[in-house]
Amino acid sequence: MGTWVLHVDLDQFVAAVEVLRRPELRGRPVVVGGRGDPTERGVVSTASYEAREYGVGSGMPLRVAARKLAEVPDAVFLPVDADAYTAASETVMATLRALDVVVQVLGWDEAFLGAETDDPEALARRVQHAVLAASALHCSVGIGDNTLRAKIATGFGKPRGMFRLTADNWFTVMGDRDTSALWGIGTKTAKKLAALGVHTVRELADADEVRLADALGPTTGPWLARLGRGRGSTRVSDEPYIARGHGRETTFQHNLADRADIEDAVRTLARRVAGDVRAEARPATRVTLKVRYAPFETHTSSRALPEPTFDVPTITDAALALTERLDPSRAIRLLGIRLDMTPPR
């Protein structure tokens, strides 16, 4: 019996839920995002595999997705229905918990499983069959000796398949891939590594940690080197997720340029997110302002509050103070407010 980590990822989850509700959409390019109107501002939440073949992907502006599908007559855009996706997700997670494994939920559509077994592939097949029977949804399963490798392995198993990635085949599979192929390394970090002459996973694994620490920080540098070696946690925890904070954001259908309009939007967001924090009975400790300038450039700034508080005027004043850092020459398409909270008792 060995200790294994499995990563379960529901295939094209949001689009798949919509297709289950509307079987006539099966096989068509389906894009879910915003209010389902591609002429409005919003981003793609999920695209079906058929839509992805035309270059549509999650996080893409709906208007860009519409241009890519302009010559596809059977493409369809749908609004986000969070309640439907939550219900489907709860069915899947309850099914996983019934399999005598430790389940660590990562989001609507994915979870880590911790299990002791001498045949992880057989367990992965059990998972796939059980999820399909309970929800009519398909999933892919990554098998690893830690969470990092299991998470990455899932991508090689998609769709509806499985893949094993461990210390034994780590460099065979990952060694020559770009560092951005690692879970936890985005485009910006990959560019910073490239500037240091580190382009591949193997080069990152072999990189001098002191040099990485000097260039990228005493914590980040060595952590990135560990990612290159495939190091990750072997522990899967079923402890419930505890939010560190809450946030609200709004994408405007027309850019904001007037100072009064910007401040009104910030006041509204601050009031709403202050209500979210109060509902958790954990006072706010820090406020962060997110801004997305037209056409699509995002910045954040934050400041600590004088003391933990639920007071709406105090929170609002702190958020408004952050607007002084905005570039008055640039139009704004999105604003967001996030409040960090005190840890739970």
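The model is predicted, so local features are given only at pLDDT of at least 70 and side-chain atom pairs only at pLDDT 80 or more, while totals for chains, interfaces and linings use all residues. Residues are numbered from 1 along each chain as its sequence is written, and side-chain values use heavy atoms, with hydrogens and water left out.

**The largest nonpolar core**

Begin by selecting L6, F13, L96, L113, V127, L137 and V141, which are the residues with the most contacts inside the largest nonpolar core, a group of 35 residues. A nonpolar core here is a set of buried Ala, Val, Leu, Ile, Met, Phe, Trp, Tyr and Cys residues joined through side-chain atoms within 4.5 Å; buried means under 20% relative accessible area, exposed over 50%, and partly exposed in between, with a 1.4 Å probe and protein chains only. Elements that give two or more residues to this core include β1 (2-10), α1 (13-21), α4 (82-97), β6 (110-117), α5 (120-135) and β7 (139-144), and the helix that gives the most is α4, with 6 residues. Helices (H or I, at least four residues) and strands (E, at least two) are DSSP runs, numbered from the N terminus.

Now select F13 and display its surroundings: leaving aside neighbours within four places in sequence, F13 is in contact (heavy atoms within 4.5 Å) with Y85, A88, S89, W108, D109 and L137. Apart from this core lies another, of 28 residues, among them L256, V277, V291 and I337.

**Where α1 crosses α4**

Select α1 and α4 together, whose axes come within 10 Å and cross at roughly 100 degrees; the axes are lines fitted to C-alpha atoms, for helices over the stretch in contact, and angles run from 0 to 180 degrees between N-to-C directions. On the α1 side the contact is made by F13, V14, V17, E18 and R21, and on the α4 side by A84, Y85, A88 and S89.

**A124 in helix α5**

Move to A124 in helix α5, which counts as buried at 0% relative accessibility. Not counting residues up to four places away in sequence, A124 touches L6, V141, I143 and M162. A C-alpha to C-alpha distance drawn from A124 to V8 comes to 8.5 Å, although the two are 116 residues apart in sequence.

Select residues 147-157, helix α6, which is mostly covered, with 9 of its 11 residues buried. At the start of α6, a side-chain oxygen of N146 reaches to within 3.1 Å of the backbone nitrogen of L148.

Next, step into the loop between α6 and β8, where P159 is found; a cis peptide bond joins K158 and P159, with omega about -10 degrees. In the loop between α6 and β8 you will also find R160, which has a positive phi of about 65 degrees although it is not a glycine, and which is exposed, with a relative accessible area of 54%. Most residues other than glycine have a negative phi, and most peptide bonds are trans.

Leaving aside neighbours within four places in sequence, S233 is in contact with N146 and T147, and its C-alpha atom is separated by 7.2 Å from that of L148, 85 residues apart along the chain. A polar atom of the S233 side chain also lies 3.0 Å from the backbone nitrogen of R235.

**Last stops**

Select A281 in the loop between α12 (259-280) and β10: A281 has a positive phi of about 60 degrees although it is not a glycine, and at 59% relative accessibility it counts as exposed. Then go to P295, in the loop between β10 (284-293) and β11 (297-309), where the peptide bond from A294 is cis, with omega near 5 degrees. Finish at T316 in helix α13 (residues 312-322), which is buried at 10% relative accessibility and touches R267 and A270, not counting residues up to four places away in sequence.

Terms used
Polar contact = N/O pair within 3.5 Å; in protein donor to acceptor, adjacent residues only side chain to side chain.
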